[in-house]
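Dear colleague,

Here is the structure I said I would pass on. My notes on what turned up in it follow below.

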Amino acid sequence: MSDFQHPRLARIYVDASRIADERGGAEHRARLVAGLSGRVIEVGAGNGRNFAHYPRAVTEVVAVEPDDTLRAHATRAAAAAPVPVTVVAGHSEALPEGPFDAAVSSLVLCSVPSPERALAALARVLRPGGQLRFYEHVRSANKVYGLLQDLITPAWKVMAGGCHPNRDTLAVIRRAGFAVEEADSFAFAPQSGIPPMTHVLGRATR
């Protein structure tokens, strides 16, 4: 777990995620979890910004977060959530036992060491027919902007805790055996002065 500790970045992320939500990210998070029910696993829960949006048909959320600083914030957010949320230490390749009815991945697959292994772990704990909900940074379909993402990724991943803004995450989800049912791609600039980051928001079935 020591490899996943980024206390300075975590403190920055807490403020940045609040600003992002005020600029439209909260609506994205609400769309991410809308209509879910039953038992849900959220991988890389961060500081728990998704928790407030879970519908009451969800009976339990098991929220996995490796960073100690973010996990402490998530634990506080869980206490105010409208559904039962248990925050646990773990990472994308070491998940609690399933089965789960749904999995939620929010701004995570861009920064995990291996999105392929992370998705394989999620597939193992999801029940057959279970849903994967995803909200991720992805490589732009625009050739020029995609090349720019390629150029900035080596420096960006060092500054941003391993985030790769040029990953073709949607293709990785499909290769992992998930059937993508919905995928909405858009550019989102949550803070002034920062170039728009390409995101994809959608759902897939195991």
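**Salt bridges**

Aspartate 68 and arginine 71 both sit in helix α2 (residues 68-79), 3 residues apart, which is about one turn of the helix. Their side chains form a salt bridge, with 2.7 Å from N to O. Please keep in mind that this is a predicted model. Aspartate 68 is partly exposed, at 43% relative accessible area, whereas arginine 71 counts as buried, at 17%. The cut-off for buried is under 20% relative accessible area, so arginine 71 at 17% falls on the buried side.

The search of the whole structure gave 11 salt bridges. Another of them pairs the side chains of aspartate 21 and arginine 49, at 2.9 Å from N to O. This pair links distant parts of the chain: aspartate 21 belongs to helix α1 (residues 7-33), while arginine 49 is in the loop between β1 (38-43) and β2 (58-64), 28 residues apart. Aspartate 21 is buried, with 8% relative accessibility; arginine 49 is partly exposed, with 29%.

A further salt bridge joins the side chains of arginine 127 and aspartate 101, again with an N to O distance of 2.9 Å. Here too distant parts of the chain are linked, 26 residues apart: arginine 127 is in strand β5 (residues 126-137) and aspartate 101 in strand β4 (residues 100-106). Arginine 127 is partly exposed at 33% relative accessibility, and aspartate 101 is partly exposed at 26%. Salt bridges with shared partners also join Asp21, Arg29 and Arg49 into one network.

**Cavity**

How many cavities of 30 Å³ or more does the structure hold? The search found 1. The largest cavity has a volume of about 50 Å³. Its lining includes Arg29 and Arg49, along with Tyr13, Glu42, Asn47, Asn50 and Ser106. Gly44, Ala45, Gly46 and Gly48 also line the largest cavity. By type, the lining residues divide into 2 nonpolar, 6 polar and 3 charged.

**Nonpolar cores**

In soluble globular proteins, nonpolar side chains tend to be buried together. In this model the largest nonpolar core has 26 residues. Those that touch the most other members are Ile41, Leu95, Leu119, Leu122, Leu132, Ile173 and Phe178. Two or more residues each come from β1, β2, β4, α3 (115-125), β5, α5 (169-175) and β7 (197-205). The most come from α3, which gives 6 residues to this core.

Leaving aside its neighbours within four places in sequence, leucine 119 is in contact with Leu109, Leu132, Val172, Ile173, Ala176 and Phe178. Apart from this core lies another, of 22 residues, with Val40, Tyr54, Val83 and Leu201 among them.

**Histidine 164**

Is histidine 164 buried or exposed? Histidine 164 is buried, with a relative accessible area of 17%. The residue is in the loop between α4 (143-159) and α5. Apart from neighbours within four places in sequence, histidine 164 is in contact with Cys110, Thr153 and Lys157.

Regards

How values were computed: Residues numbered from 1 in each chain as written. Predicted model: local features only at pLDDT ≥ 70, side-chain atom pairs only at ≥ 80, totals over all residues. Heavy atoms only, no water. Salt bridge = Lys/Arg side-chain N within 4 Å of Asp/Glu carboxyl O. Helix = DSSP H or I, 4+ residues; strand = E, 2+ residues; numbered from the N terminus. Buried < 20%, exposed > 50% of the residue type's maximum accessible area, 1.4 Å probe, protein only. 1 Å grid on protein atoms, 1.4 Å probe; cavity = no way out; pocket = protein on both sides within 12 Å on 5 of 7 lines; lining within 4 Å. Points joined across faces, edges and corners; volume = space filled by probe spheres on them. Nonpolar A, V, L, I, M, F, W, Y, C, P; charged D, E, K, R; others polar. Core = buried A, V, L, I, M, F, W, Y, C linked by side-chain atoms within 4.5 Å. Contact = heavy atoms within 4.5 Å.
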